[in-house]
Amino acid sequence: MSLLSVDKLTMSFGGLTAVSNVSFQIEKGELVGIIGPNGAGKTTLFNLLTGVYVPTSGTIKLNLDGKEMIINGLKPYEVTKAGLARTFQNIRLFKDLTVLDNVRIAMHQNIQYHMPAALYRFNKFYYEEERLLKEAEELLDIFKLSHKKNELAKNLPYGEQRHLEIVRALATKPAILLLDEPAAGMNPNETTELTETIEWIRNEFDLTILLIEHDMSLVMKICERIYVLDYGMLIASGTPSEIRTNKRVIEAYLGEDVNNA
């Protein structure tokens, strides 16, 4: 059974259908891309998967450890707790909090103490807070951000803010990581580094990754399968080589120079 199954997903806003009858599956450990022109419904699809929107119709099923659950209709924090974490096209950090606090906040959904322990400062409270602090610092160290842990997030350079947002998502310990245009605003050198980072994250953290991206050099290099949206509809799916040569995709989005990507 697939890790994530989307069946006939539709999202309408009044008379506008942003996502129309979309179905796809993602297997555990895959790195899958979603591409398409601006306005194709890609971010709307992510918003449906992560509980920002409730679909007009259709189902989203998550299968973890042999337990299947329907997650459409859950609130965003419930979806995160179920195992899906995301980044955003426009960075959404807690900009006036420190780098370390951004990560610690994400980790608190996994705390092992209850309200009385926090109120009365039982030993369990101190133990758990120390554990979370250690895990947060270890994550920042992995992504070479530990030396900036006490800086405000808004003071980081753009590329490091992107990395911090990924770290914050990883701090929730997801099964599936959704990346919404992670290379947006990056220069070629930063994009090359990001490409290597995404592959490393998938392998190091044993994750399944679904990403939206316009940078075809990144998509074609690391994605094992690609889904293509246009006007809210799924018009093609396949391997990078299949997508490169798909006439409908070339006409709708890639253009004839795709093979130079």
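This is a predicted model: local features need pLDDT of at least 70, side-chain atom pairs count only at pLDDT 80 or more; totals for chains, interfaces and linings use all residues.
**Stop 1: helices α3 and α6**

Select residues 99-107, which form helix α3, and residues 158-170, which form helix α6. The two helices pack with their axes 8 Å apart and at an angle of about 30°. Angles under 35 degrees count as roughly parallel, and α3 and α6 are therefore roughly parallel to each other. The crossing of α3 past α6 is right-handed.

Now show the side chains at the contact. On the α3 side, select Val99, Asn102, Val103 and Ala106. On the α6 side, select Leu164, Val167 and Arg168. Coloured by residue class, this contact divides into five nonpolar residues, one polar and one charged.

**Stop 2: Lys154 and Asp96**

The structure holds 13 salt bridges; some of them are visited here. Select Lys154 and Asp96, which form a salt bridge whose closest N and O atoms are 2.8 Å apart. Lys154 is in the loop between α5 (123-142) and α6, while Asp96 is in the loop between β6 (84-86) and α3. The pair thus links distant parts of the chain, 58 residues apart.

**Stop 3: Glu137 and Lys149**

Next, select Glu137 and Lys149. This salt bridge has its closest N and O atoms 2.8 Å apart. Glu137 lies in helix α5 and Lys149 in the loop between α5 and α6, so the bridge ties together parts that are 12 residues apart in sequence. Glu137 has a relative accessible area of 28% and is partly exposed. Lys149, at 26% relative accessibility, also counts as partly exposed.

**Stop 4: Lys61 and Glu68**

Move to Lys61 and Glu68, whose side chains meet in a salt bridge with an N to O distance of 4.0 Å. A salt bridge requires the nitrogen to be within 4 Å of the carboxyl oxygen.

**Stop 5: a salt-bridge network**

Finish by selecting three residues together: Arg131, Glu135 and Lys173. They are linked in a network of salt bridges.

Methods. Residues are numbered from 1 along each chain as its sequence is written. Side-chain values use heavy atoms; hydrogens and water are left out. Axes are lines fitted to C-alpha atoms, for helices over the stretch in contact, and angles run from 0 to 180 degrees between N-to-C directions. Helices (H or I, at least four residues) and strands (E, at least two) are DSSP runs, numbered from the N terminus. Angles under 35 degrees count as roughly parallel, over 145 as roughly antiparallel, 65 to 115 as roughly perpendicular and the rest as oblique. A crossing is left-handed if the near helix is turned anticlockwise from the far one by less than a right angle, and right-handed if clockwise. Contact means heavy atoms within 4.5 Å. Ala, Val, Leu, Ile, Met, Phe, Trp, Tyr, Cys and Pro count as nonpolar, Asp, Glu, Lys and Arg as charged, and the others, Gly among them, as polar. Buried means under 20% relative accessible area, exposed over 50%, partly exposed in between (1.4 Å probe, protein chains only).
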